[in-house]
Amino acid sequence: MNPAAIPQREDVQEQAQGFLSGPVSSLVDLLRIGGCLAVIVCHSRQVGFHAGTPYVSDLGSHYAVVVFFVVSGLAIATSALRPGATLADYALSRAARLLPVALLAMALGVGAFLLRGAQASFPGHDQLTWQSLVHPLLFLTETPQGQVPVWNAPWWSLSYEVWYYALFGAAVFLRGPQRVLWLVVLAALAGPLILLLMPVWLMGVALAGWPGWVRLQRRGGVLLLIAAGLVLHAARIVDMPALAWLEAHSRLPLVNSQNVVGNMLVGLAVAMGLAGARPWLALLARPIAVVAPALRWGAGMTFTAYLMHHPLLCLARSWGLRAPPGPFGAVIGLVGLLAVCALLADLGERRSPLLRRRVQAWLAARHAPGTLHRAPTRAATSA
């Protein structure tokens, strides 16, 4: 055997820990918080809640969602690929994480529109129809006639992620012809727009499941420089002529998948940046450990803030409320909005692990003991 092919002891230890461990987990929490804030700031200006300087552009807001995709792939794969994981565990974890927040956000948007819709109009997201109710609940908003929920533009990315969850679950937990059949069926239901951006989500999966990152991250400084270069190039990409031609001739509106090249560059930059930062973060383990609880708490409400901030902003504008002008006013408005989201997170997002454990216990009581009930790891809880 080639001695070079034998993993060093440090490599084996790091692979056993997994990529999403220690200070990297805190960095991921910080990325989730930063991305969520970028989206909220952008939408605050779009609906007129803050009329000042566009501190975050539309493109920057979209790229923040791309960061979410990579982080999501990393977290989901870390949970799903752990020893002993089953399809039932996986499906239950995803449902417990997703449905309480999604249903509450849907109810908030529809309720706010019914209450105040006649007093405010936000073009593109103010149509209360059966499609704007059924399509989001089936996560089919990205079909040619699909509609997002009324007063909730950010829902589009949820439709992408749900199909990624389903496709990944089928690929990991099914075998043989059954796996092929379900992958084909799920891909057809998801549609080409969602599949176009799936490689971005899979970049996060690669961090969790590819052993080569252990050696790759030893070039941490080089990886960080490459990541910075990719971000600079992605910032210059808005429209691609080839994609515009495809959209015109296929009569398939690309909508949120139209800047697929820029999305790929940003996704690759995030993946390489995380791999490059990992060895450096180990040197800062102690100070990171101090702020880790605060980051974990903030990240624990990002899903709620992301999915509920838009109806809250629209509701505020319908009453004529606006943030004071200038940067200080923008901060005041942002803090007030986040305070409401923090309260809403206590109703759904933060209760997700408890909900999952209760459902697991109920299922375990109805089936063979120990089949489904398993103490969740931190990675599984945060996924």
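Guide: Let us start with a definition: rings of Phe, Tyr and Trp count as a pair if their centres lie within 6.5 Å. Please keep in mind that this is a predicted model.

Visitor: Which residues do ring pairs link into a cluster here?

Guide: The cluster consists of Phe69, Tyr90, Trp156, Tyr160, Tyr164, Tyr165, Phe168, Phe173 and Trp201, joined through ring pairs. In the structure there are 13 aromatic pairs.

Visitor: How is a pair of aromatic rings described?

Guide: Two values describe it: the distance of the centres and the angle of the planes. Take Phe68 and Tyr306: the ring centres are 5.6 Å apart and the planes stand at 80°, so this pair is edge-to-face, the term for planes over 60 degrees apart. Phe68 belongs to helix α3 (residues 58-80) and Tyr306 to helix α15 (residues 302-318), so that the pair links distant parts of the chain, 238 residues apart. Both Phe68 and Tyr306 are buried.

Visitor: What are the distance and the angle between the planes for Tyr90 and Phe168?

Guide: Their centres are 6.4 Å apart and their planes form an angle of 55°, which makes the pair tilted. Tyr90 is in helix α4 (residues 87-116) and Phe168 is in helix α6 (residues 155-173), so the pair ties together parts 78 residues apart in sequence.

Visitor: Are Tyr90 and Phe168 buried or exposed?

Guide: A residue is called buried when its relative accessible area is under 20%. Tyr90 has 9%, so it is buried; Phe168 has 7%, so it is buried as well.

Visitor: Which residues make the nonpolar surface patch?

Guide: Leu114, Leu128, Trp130, Leu133, Val134 and Leu138 make this patch of about 570 Å². Helix α5 (residues 130-137) gives the most to it, with three residues. Leu128 is in the loop between α4 and α5, and its relative accessibility of 32% makes it partly exposed.

Visitor: How many helices and strands does the chain have?

Guide: The chain has 18 helices and zero strands. Of its 383 residues, 49% are buried.

Definitions and conventions: Residues are numbered from 1 along each chain as its sequence is written. This is a predicted model: local features need pLDDT of at least 70, side-chain atom pairs count only at pLDDT 80 or more; totals for chains, interfaces and linings use all residues. Side-chain values use heavy atoms; hydrogens and water are left out. Rings of Phe, Tyr and Trp (its six-membered ring) pair if their centres lie within 6.5 Å; planes under 30 degrees apart count as stacked, over 60 as edge-to-face and the rest as tilted. Helices (H or I, at least four residues) and strands (E, at least two) are DSSP runs, numbered from the N terminus. Buried means under 20% relative accessible area, exposed over 50%, partly exposed in between (1.4 Å probe, protein chains only). Patches are made of residues with over 30% relative accessible area and no salt bridge: like charges are joined within 9 Å, nonpolar side chains (Val, Leu, Ile, Met, Phe, Trp, Tyr) within 5 Å. Accessible areas come from the Shrake-Rupley method with a 1.4 Å probe; for residues, only the protein chains shown count as cover. A salt bridge is a side-chain nitrogen of Lys or Arg within 4 Å of a carboxyl oxygen of Asp or Glu.
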